[in-house]
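Open the model in your viewer and keep the selection panel at hand. The stops below say what to pick next and what is there.

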Amino acid sequence: MTGAKTDAVLRIGNLEPTFAAELAARYDIPALPDGPQRAAFLAEHAADVRVVVTSGHPGVDATTIAALPNLEAIVNSGAGVDAIDVEAAKRRGIGVSNTPDVLSDTVADTALGLILMTLRRFGAADRYVREGRWARDGQFPYARDVSGLQVGILGLGRIGSAIATRLLGFDCAIAYHNRHRIDGSPYRYAQSPAELAESVDVLVVATTGDHRNHKLVDRAVLEALGPDGYLINIARGSVVDQEALVELLAGGALAGAGLDVFVDEPHVPAELLALDNVVLFPHIGSATARTRRAMALLAIRNLDSYLDSGELVTPVVRPRRSHPFG
Ligand code: 8YV
(Lines give C-alpha, C1' and ligand atoms only; values in the text may rest on other atoms or scores of the structure.)
Protein backbone atom coordinates (compact mmCIF):
# COMPACT_ATOMS: atom_id res chain seq x y z
CA MET A 1 0.00 0.00 0.00
CA THR A 2 1.24 3.46 -0.81
CA GLY A 3 0.14 6.27 1.42
CA ALA A 4 -0.77 9.90 0.97
CA LYS A 5 1.30 11.92 -1.46
CA THR A 6 3.16 14.74 0.17
CA ASP A 7 5.48 17.26 -1.42
CA ALA A 8 6.17 18.82 1.97
CA VAL A 9 8.51 15.91 2.77
CA LEU A 10 11.66 14.89 0.91
CA ARG A 11 13.72 11.68 1.21
CA ILE A 12 17.49 12.13 1.11
CA GLY A 13 19.93 9.25 0.61
CA ASN A 14 19.38 5.51 0.42
CA LEU A 15 17.11 5.04 3.39
CA GLU A 16 17.65 2.14 5.77
CA PRO A 17 15.42 -0.59 4.22
CA THR A 18 12.93 -1.01 7.09
CA PHE A 19 12.53 2.76 7.37
CA ALA A 20 11.99 2.99 3.60
CA ALA A 21 9.33 0.24 3.70
CA GLU A 22 7.47 1.64 6.73
CA LEU A 23 7.47 5.14 5.19
CA ALA A 24 6.27 3.84 1.83
CA ALA A 25 3.34 2.12 3.58
CA ARG A 26 2.19 5.49 4.94
CA TYR A 27 3.35 8.20 2.57
CA ASP A 28 4.35 8.72 -1.04
CA ILE A 29 7.46 10.84 -0.50
CA PRO A 30 9.63 12.02 -3.39
CA ALA A 31 13.39 11.31 -3.26
CA LEU A 32 16.05 13.92 -3.92
CA PRO A 33 17.72 12.72 -7.12
CA ASP A 34 21.51 12.44 -7.46
CA GLY A 35 23.56 13.78 -10.32
CA PRO A 36 22.36 16.10 -13.08
CA GLN A 37 18.64 15.76 -12.22
CA ARG A 38 19.16 17.24 -8.78
CA ALA A 39 19.32 20.89 -9.88
CA ALA A 40 16.16 20.55 -12.00
CA PHE A 41 14.31 18.82 -9.15
CA LEU A 42 15.32 21.52 -6.69
CA ALA A 43 14.36 24.31 -9.08
CA GLU A 44 10.86 22.88 -9.26
CA HIS A 45 10.27 21.50 -5.74
CA ALA A 46 12.72 23.02 -3.23
CA ALA A 47 10.27 25.67 -1.98
CA ASP A 48 7.64 23.01 -1.09
CA VAL A 49 9.91 21.02 1.23
CA ARG A 50 9.32 21.52 4.97
CA VAL A 51 10.65 18.22 6.32
CA VAL A 52 13.52 15.98 5.21
CA VAL A 53 13.70 12.28 6.13
CA THR A 54 17.04 10.50 6.08
CA SER A 55 19.03 7.69 7.76
CA GLY A 56 22.74 7.87 8.34
CA HIS A 57 24.98 8.48 5.31
CA PRO A 58 25.29 10.37 3.02
CA GLY A 59 23.14 12.58 5.23
CA VAL A 60 22.18 16.21 4.83
CA ASP A 61 25.02 18.68 4.34
CA ALA A 62 25.05 22.47 4.57
CA THR A 63 24.66 22.87 0.77
CA THR A 64 21.50 20.76 0.76
CA ILE A 65 20.11 22.64 3.75
CA ALA A 66 20.83 25.94 1.98
CA ALA A 67 19.04 24.67 -1.15
CA LEU A 68 15.78 24.13 0.80
CA PRO A 69 14.58 27.63 1.78
CA ASN A 70 11.49 26.51 3.73
CA LEU A 71 13.00 23.52 5.54
CA GLU A 72 11.78 23.27 9.16
CA ALA A 73 12.81 19.78 10.35
CA ILE A 74 15.16 16.89 9.55
CA VAL A 75 14.01 13.46 10.76
CA ASN A 76 16.75 10.82 11.01
CA SER A 77 16.27 7.08 11.52
CA GLY A 78 19.38 6.39 13.59
CA ALA A 79 20.81 7.63 16.87
CA GLY A 80 23.86 9.33 15.37
CA VAL A 81 23.23 12.59 13.52
CA ASP A 82 26.86 13.13 12.49
CA ALA A 83 25.95 12.91 8.79
CA ILE A 84 23.68 15.93 9.23
CA ASP A 85 25.18 19.41 9.43
CA VAL A 86 23.52 20.09 12.79
CA GLU A 87 25.23 23.50 13.15
CA ALA A 88 23.83 24.67 9.80
CA ALA A 89 20.38 23.41 10.85
CA LYS A 90 20.62 25.20 14.22
CA ARG A 91 21.54 28.49 12.57
CA ARG A 92 18.34 28.33 10.51
CA GLY A 93 16.18 27.15 13.46
CA ILE A 94 15.61 23.81 11.72
CA GLY A 95 14.75 20.96 14.12
CA VAL A 96 16.63 17.64 13.99
CA SER A 97 15.38 14.37 15.49
CA ASN A 98 17.05 10.99 16.01
CA THR A 99 16.01 7.57 17.38
CA PRO A 100 17.57 7.16 20.84
CA ASP A 101 16.94 4.41 23.41
CA VAL A 102 15.25 1.86 21.11
CA LEU A 103 18.65 0.68 19.82
CA SER A 104 20.74 0.85 23.00
CA ASP A 105 20.36 -2.81 24.02
CA THR A 106 21.10 -4.13 20.54
CA VAL A 107 24.19 -1.95 20.08
CA ALA A 108 25.40 -2.92 23.57
CA ASP A 109 24.96 -6.59 22.62
CA THR A 110 27.11 -5.93 19.54
CA ALA A 111 29.81 -4.40 21.75
CA LEU A 112 29.79 -7.47 24.00
CA GLY A 113 29.97 -9.71 20.93
CA LEU A 114 33.00 -7.78 19.68
CA ILE A 115 34.71 -7.92 23.08
CA LEU A 116 34.19 -11.67 23.38
CA MET A 117 35.18 -12.38 19.80
CA THR A 118 38.28 -10.22 19.93
CA LEU A 119 39.69 -11.40 23.26
CA ARG A 120 38.60 -15.04 23.08
CA ARG A 121 39.19 -15.20 19.30
CA PHE A 122 35.91 -17.05 18.71
CA GLY A 123 35.81 -16.12 15.00
CA ALA A 124 39.33 -17.46 14.46
CA ALA A 125 38.43 -20.59 16.47
CA ASP A 126 35.43 -21.24 14.22
CA ARG A 127 37.60 -20.85 11.11
CA TYR A 128 40.18 -23.20 12.66
CA VAL A 129 37.61 -26.00 12.81
CA ARG A 130 36.21 -25.31 9.32
CA GLU A 131 39.69 -25.30 7.78
CA GLY A 132 40.40 -28.76 9.23
CA ARG A 133 43.21 -27.37 11.34
CA TRP A 134 41.97 -28.87 14.65
CA ALA A 135 42.70 -32.39 13.37
CA ARG A 136 45.82 -31.31 11.48
CA ASP A 137 47.54 -28.82 13.80
CA GLY A 138 46.11 -29.75 17.22
CA GLN A 139 44.89 -27.43 19.95
CA PHE A 140 43.81 -23.86 19.14
CA PRO A 141 46.13 -21.31 20.85
CA TYR A 142 45.00 -20.01 24.25
CA ALA A 143 43.14 -16.69 24.31
CA ARG A 144 42.51 -13.89 26.81
CA ASP A 145 39.79 -13.99 29.50
CA VAL A 146 37.06 -11.35 29.47
CA SER A 147 35.71 -12.06 32.97
CA GLY A 148 37.23 -9.87 35.66
CA LEU A 149 38.90 -7.35 33.32
CA GLN A 150 39.14 -3.59 33.73
CA VAL A 151 37.04 -1.97 31.03
CA GLY A 152 36.97 1.72 30.15
CA ILE A 153 33.92 3.20 28.48
CA LEU A 154 34.59 6.35 26.50
CA GLY A 155 31.16 8.00 26.33
CA LEU A 156 28.93 6.77 29.14
CA GLY A 157 25.61 7.70 27.55
CA ARG A 158 22.64 5.45 26.94
CA ILE A 159 24.60 2.90 24.88
CA GLY A 160 27.75 3.13 27.02
CA SER A 161 25.68 2.51 30.16
CA ALA A 162 23.99 -0.53 28.58
CA ILE A 163 27.46 -1.90 27.75
CA ALA A 164 28.65 -1.29 31.34
CA THR A 165 25.61 -3.07 32.81
CA ARG A 166 26.28 -6.13 30.68
CA LEU A 167 29.96 -6.17 31.66
CA LEU A 168 29.04 -6.19 35.37
CA GLY A 169 27.71 -9.69 34.66
CA PHE A 170 31.26 -10.59 33.64
CA ASP A 171 32.62 -9.20 36.94
CA CYS A 172 34.46 -6.46 35.06
CA ALA A 173 35.55 -3.27 36.84
CA ILE A 174 34.15 -0.30 34.91
CA ALA A 175 35.68 3.14 34.47
CA TYR A 176 34.55 5.89 32.11
CA HIS A 177 35.40 9.24 30.65
CA ASN A 178 32.83 11.86 29.58
CA ARG A 179 33.37 15.62 29.20
CA HIS A 180 31.76 15.91 32.64
CA ARG A 181 31.70 13.51 35.55
CA ILE A 182 28.23 11.96 36.03
CA ASP A 183 26.85 12.67 39.50
CA GLY A 184 25.99 9.46 41.31
CA SER A 185 27.58 7.16 38.72
CA PRO A 186 28.79 3.91 40.33
CA TYR A 187 31.77 3.80 37.96
CA ARG A 188 35.26 5.26 38.37
CA TYR A 189 35.76 8.54 36.49
CA ALA A 190 38.93 9.19 34.47
CA GLN A 191 39.86 12.82 33.72
CA SER A 192 40.85 12.23 30.09
CA PRO A 193 40.67 9.57 27.36
CA ALA A 194 44.42 8.88 27.83
CA GLU A 195 44.05 8.47 31.60
CA LEU A 196 41.15 6.08 30.99
CA ALA A 197 43.07 4.07 28.38
CA GLU A 198 46.14 3.84 30.60
CA SER A 199 44.18 2.22 33.44
CA VAL A 200 42.16 -0.44 31.58
CA ASP A 201 42.53 -3.68 29.60
CA VAL A 202 39.77 -2.86 27.12
CA LEU A 203 38.72 0.59 25.89
CA VAL A 204 35.21 0.74 24.44
CA VAL A 205 34.37 3.75 22.28
CA ALA A 206 30.69 4.68 22.69
CA THR A 207 30.69 8.44 22.08
CA THR A 208 28.71 10.33 19.47
CA GLY A 209 30.39 11.10 16.15
CA ASP A 210 30.14 14.83 16.93
CA HIS A 211 32.95 16.84 15.27
CA ARG A 212 34.28 17.62 18.76
CA ASN A 213 35.06 13.89 19.09
CA HIS A 214 37.07 13.72 15.84
CA LYS A 215 40.14 11.54 16.58
CA LEU A 216 39.43 11.77 20.30
CA VAL A 217 41.17 8.39 20.43
CA ASP A 218 44.45 9.57 18.96
CA ARG A 219 47.86 7.89 18.86
CA ALA A 220 48.64 8.93 22.45
CA VAL A 221 45.43 7.33 23.75
CA LEU A 222 46.14 4.12 21.82
CA GLU A 223 49.70 4.06 23.13
CA ALA A 224 48.36 4.51 26.65
CA LEU A 225 46.17 1.44 26.11
CA GLY A 226 49.39 -0.41 25.38
CA PRO A 227 50.55 -3.78 24.00
CA ASP A 228 48.19 -5.77 26.27
CA GLY A 229 45.21 -3.49 25.58
CA TYR A 230 42.24 -3.89 23.24
CA LEU A 231 40.18 -1.25 21.46
CA ILE A 232 36.49 -1.81 20.73
CA ASN A 233 34.61 0.74 18.59
CA ILE A 234 30.84 0.68 18.09
CA ALA A 235 30.56 4.49 17.79
CA ARG A 236 31.96 6.10 14.65
CA GLY A 237 35.22 5.53 12.74
CA SER A 238 35.95 9.26 12.91
CA VAL A 239 36.42 9.10 16.71
CA VAL A 240 39.59 6.98 16.33
CA ASP A 241 42.82 7.82 14.48
CA GLN A 242 42.48 4.83 12.14
CA GLU A 243 45.95 5.17 10.62
CA ALA A 244 47.62 5.12 14.03
CA LEU A 245 45.39 2.20 15.06
CA VAL A 246 46.46 0.10 12.06
CA GLU A 247 50.11 0.93 12.63
CA LEU A 248 50.05 0.07 16.34
CA LEU A 249 48.09 -3.15 15.77
CA ALA A 250 50.51 -4.27 13.05
CA GLY A 251 53.54 -3.46 15.19
CA GLY A 252 52.31 -5.25 18.32
CA ALA A 253 51.87 -1.99 20.25
CA LEU A 254 48.19 -2.92 20.79
CA ALA A 255 46.91 -6.44 21.51
CA GLY A 256 43.84 -6.28 19.28
CA ALA A 257 40.74 -4.44 18.14
CA GLY A 258 37.07 -5.15 17.52
CA LEU A 259 35.57 -2.67 15.07
CA ASP A 260 32.00 -2.19 13.87
CA VAL A 261 32.71 1.24 12.34
CA PHE A 262 35.34 2.73 10.03
CA VAL A 263 36.43 6.11 8.70
CA ASP A 264 35.24 5.62 5.11
CA GLU A 265 32.48 3.00 5.21
CA PRO A 266 32.03 0.61 3.51
CA HIS A 267 35.75 0.74 2.71
CA VAL A 268 38.01 -1.03 5.20
CA PRO A 269 41.77 -0.49 4.85
CA ALA A 270 43.56 -3.50 3.33
CA GLU A 271 46.07 -3.38 6.20
CA LEU A 272 43.26 -4.09 8.68
CA LEU A 273 41.93 -6.99 6.59
CA ALA A 274 45.40 -8.55 6.70
CA LEU A 275 45.65 -8.54 10.52
CA ASP A 276 44.55 -11.54 12.56
CA ASN A 277 44.29 -9.67 15.88
CA VAL A 278 41.20 -7.76 14.73
CA VAL A 279 37.51 -8.59 14.41
CA LEU A 280 35.71 -6.56 11.75
CA PHE A 281 31.94 -6.06 11.47
CA PRO A 282 30.10 -4.25 8.64
CA HIS A 283 28.44 -1.58 10.88
CA ILE A 284 25.78 -3.92 12.29
CA GLY A 285 25.50 -2.34 15.76
CA SER A 286 21.72 -1.92 15.60
CA ALA A 287 21.06 -4.33 12.74
CA THR A 288 18.36 -6.66 14.02
CA ALA A 289 14.91 -6.79 12.46
CA ARG A 290 13.17 -5.80 15.69
CA THR A 291 15.44 -2.86 16.47
CA ARG A 292 15.51 -1.49 12.94
CA ARG A 293 11.68 -1.58 12.99
CA ALA A 294 11.57 0.22 16.36
CA MET A 295 13.95 2.87 14.97
CA ALA A 296 11.86 3.28 11.81
CA LEU A 297 8.62 3.62 13.80
CA LEU A 298 10.16 6.18 16.15
CA ALA A 299 11.40 8.21 13.18
CA ILE A 300 7.89 8.05 11.68
CA ARG A 301 6.41 9.20 15.01
CA ASN A 302 8.71 12.22 14.77
CA LEU A 303 7.56 12.91 11.21
CA ASP A 304 3.85 12.48 12.02
CA SER A 305 4.14 14.59 15.14
CA TYR A 306 5.95 17.36 13.28
CA LEU A 307 3.38 17.42 10.45
CA ASP A 308 0.51 17.43 13.02
CA SER A 309 1.78 19.84 15.63
CA GLY A 310 5.19 21.24 14.72
CA GLU A 311 6.83 19.28 17.58
CA LEU A 312 9.46 16.54 17.30
CA VAL A 313 9.12 13.61 19.74
CA THR A 314 12.86 12.95 20.19
CA PRO A 315 14.62 16.15 19.13
CA VAL A 316 18.38 16.60 19.08
CA VAL A 317 17.66 20.20 18.06
CA ARG A 318 14.23 21.72 18.69
CA PRO A 319 12.68 23.50 15.69
CA ARG A 320 12.46 27.27 16.09
CA ARG A 321 9.46 28.54 14.23
CA SER A 322 9.34 32.16 13.14
CA HIS A 323 5.81 31.83 11.76
CA PRO A 324 2.65 30.05 12.96
CA PHE A 325 2.67 26.31 12.29
CA GLY A 326 0.35 24.91 9.65
C1 8YV B 1 22.54 2.68 11.66
C2 8YV B 1 23.75 3.88 13.58
O3 8YV B 1 23.55 2.08 10.89
O4 8YV B 1 21.88 4.66 14.80
C5 8YV B 1 23.00 4.90 14.38
O6 8YV B 1 23.57 5.97 14.63
O7 8YV B 1 24.91 3.99 13.39
C8 8YV B 1 23.06 2.68 13.07
O9 8YV B 1 22.13 2.23 13.99
C10 8YV B 1 22.23 3.95 10.94
O11 8YV B 1 21.45 4.81 11.70
C12 8YV B 1 21.50 3.70 9.61
O13 8YV B 1 20.13 3.53 9.80
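**Stop 1: a helix residue**

Select T64: this residue is buried, with a relative accessible area of 11%. The model you are viewing is predicted. T64 sits in helix 3, residues 62-67. Now show what surrounds T64. Leaving out residues up to four places away in sequence, T64 touches I12, L32 and R38.

**Stop 2: the annotated domain**

Select residues 37-316. An unreviewed UniProt entry annotates this range as "domain: D-isomer specific 2-hydroxyacid dehydrogenase catalytic". Over residues 37-316 the chain is 40% helix and 14% strand. The end C-alpha atoms of that range are 31 Å apart.

**Stop 3: a loop residue**

Go to N98, in the loop between strand 6 (95-97) and helix 5 (104-120). Is N98 buried or exposed? N98 is buried, because its relative accessible area is 11%, and the cut-off for buried is under 20%. Beyond four places in sequence, N98 touches N76, G78, A79, V81, N302, T314 and V316.

**Stop 4: helix 13**

Color its buried residues, among them R292, M295, L298, I300, N302 and Y306. Finish at G310, which follows helix 13 and has a positive phi, near 80°.

Definitions and conventions. Residues numbered from 1 in each chain as written. Predicted model: local features only at pLDDT ≥ 70, side-chain atom pairs only at ≥ 80, totals over all residues. Heavy atoms only, no water. UniProt positions renumbered as here; feature names shortened; annotations may be inferred. Helix = DSSP H or I, 4+ residues; strand = E, 2+ residues; numbered from the N terminus. Buried < 20%, exposed > 50% of the residue type's maximum accessible area, 1.4 Å probe, protein only. Contact = heavy atoms within 4.5 Å.
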